[in-house]
Amino acid sequence: VGVQFFLEEPGKNDVAVMDVFSPQKFEELKTLMTEVGWPDVSDYWEAELKHRKIVSEFMKDPLLGSKRLISMPDRVTNTINVVDSDE
């Protein structure tokens, strides 16, 4: 219920993507992408992604969801497995 509420009403916790996915993590990802021959996405990251709000402008973006670049939150949170639970 807490996750569902957060995704529906993130409020002040709807922070910028770069506050969750730090510049250092982006640089690590970019290095790995370069190593496998993927194109540099730095311009897109700088101009389009890093300043978006993580829930309302990124996870719930229908364009990103339609391209399966991210999954809608309900696809991620519809089942929560608990250690030591029979359910």
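Of the 87 residues in the chain, 23% are buried, where buried means under 20% relative accessible area, exposed over 50% and partly exposed in between (1.4 Å probe, protein chains only). This is a predicted model, in which local features need pLDDT of at least 70 and side-chain atom pairs count only at pLDDT 80 or more, while totals for chains, interfaces and linings use all residues. Residues are numbered from 1 along each chain as its sequence is written, and side-chain values use heavy atoms, with hydrogens and water left out.

The chain has seven helices and zero strands; helices (H or I, at least four residues) and strands (E, at least two) are DSSP runs, numbered from the N terminus. Contact means heavy atoms within 4.5 Å. Among contacts in the chain with a separation of 6 or more, 56% are between residues 24 or more positions apart.

Helix H4 spans residues 42-49, and its Ser 42, Trp 45 and Leu 49 are buried. These residues lie on the same side of H4 because they cover an arc of only 100° around the axis, the arc being that of the directions from the helix axis to the C-beta atoms. Asp 43 and Ala 47, on the other side of H4, are exposed.

Trp 45 and Leu 49 also belong to the largest nonpolar core, which has nine residues, the others being Leu 7, Val 17, Phe 26, Ile 54, Val 55, Phe 58 and Leu 64. A nonpolar core is a set of buried Ala, Val, Leu, Ile, Met, Phe, Trp, Tyr and Cys residues joined through side-chain atoms within 4.5 Å. H4 and helix H5 (54-59) each supply at least two residues of this core, and the largest share, three residues, comes from H5. In soluble globular proteins, nonpolar side chains tend to be buried together.

The side chain of Asp 14 makes a polar contact with the side chain of Ser 56 at 2.6 Å. A polar contact is a pair of N or O atoms within 3.5 Å; within protein, one must be able to donate a hydrogen and the other to accept it, and residues adjacent in sequence count only if both atoms are side-chain atoms.

Arg 52 sits in the loop between H4 and H5 and is buried, with a relative accessible area of 16%. The side chain of Arg 52 reaches the backbone oxygen of Glu 57 at 3.1 Å.
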